[in-house]
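Student: I am new to this structure. Please take me through one part of it closely, the open sheet and how its strands pair.

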Amino acid sequence: ASPNASNMKRFKELAKDAKDIPIITCDKAILPIEELVASCHREHNKQPLQMVVVDYVQLMTSRKRHHNREAEIAYITRNLKGLAKSLEIPVVVCAQLNDDGKARESRGILFDSDAFINIHEDYIDVEKNRAGPKGKVYLKMAGEYQKFTQSERPDEATQSNQGNCSR
């Protein structure tokens, strides 16, 4: 069988298995962290959760007043870390950071996280990892398979003093 036929067969097998995985979504436009935490605890009491994913932490809010957005994001990330610890599950938090945001809003995210990973166009930068290696993983897109594979490091001269993660 061709690689595409083989991939399609494997995809169909995985899709069949995935249909039985319980996934709960919340697509509220505004979701206070306190509501998310309470909802996760309720759902966990019904059936234990395996993981929580927050797609865009900057869209979250808090019922508590804060003197600036940086303090509010720090409050939100502390609550997400508390959620992970109380339910003993991973909480994956996605954020979009620009250079200014990285210097401000990401401080709370970086401080509270066990791992902090920046995804760039051609590499992943593991800036913090309490349980393993830090460094950059360089990627190459295999378009025919719609997947990324690890590639060799680019010019060593431009990457001095950088770590390298392995799978």
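Tutor: Start with strand β7 (residues 135-142), which is joined to β8 by four bridges, the two running antiparallel. Strands here are DSSP runs of E with at least two residues, numbered from the N terminus. Two strands pair if DSSP finds at least two bridges between them.

A word on the source. This is a predicted model, where local features need pLDDT of at least 70, side-chain atom pairs count only at pLDDT 80 or more, and totals for chains, interfaces and linings use all residues. Residues are numbered from 1 along each chain as its sequence is written, and side-chain values use heavy atoms, with hydrogens and water left out.

Now widen the view. β7 and β8 belong to an open sheet of four strands, in the order β5-β6-β7-β8, with antiparallel pairing. At the edges stand β5 (115-119) and β8 (147-150); each has a single partner strand, so one side of each lacks a neighbour in the sheet. On average, neighbouring strands of this sheet are turned by 30° against each other, direction ignored. The axes are lines fitted to C-alpha atoms, and angles run from 0 to 180 degrees between N-to-C directions. In general, strands of a sheet pair through backbone hydrogen bonds, either parallel or antiparallel.

For contrast, look at strand β2 (residues 52-54), which holds Val53. Val53 counts as exposed because its relative accessibility is 52%; exposed means over 50% relative accessible area, buried under 20%, partly exposed in between (1.4 Å probe, protein chains only). Gln58 sits in the loop between β2 and β3 (60-61). Gln58 is buried, at 15% relative accessible area.
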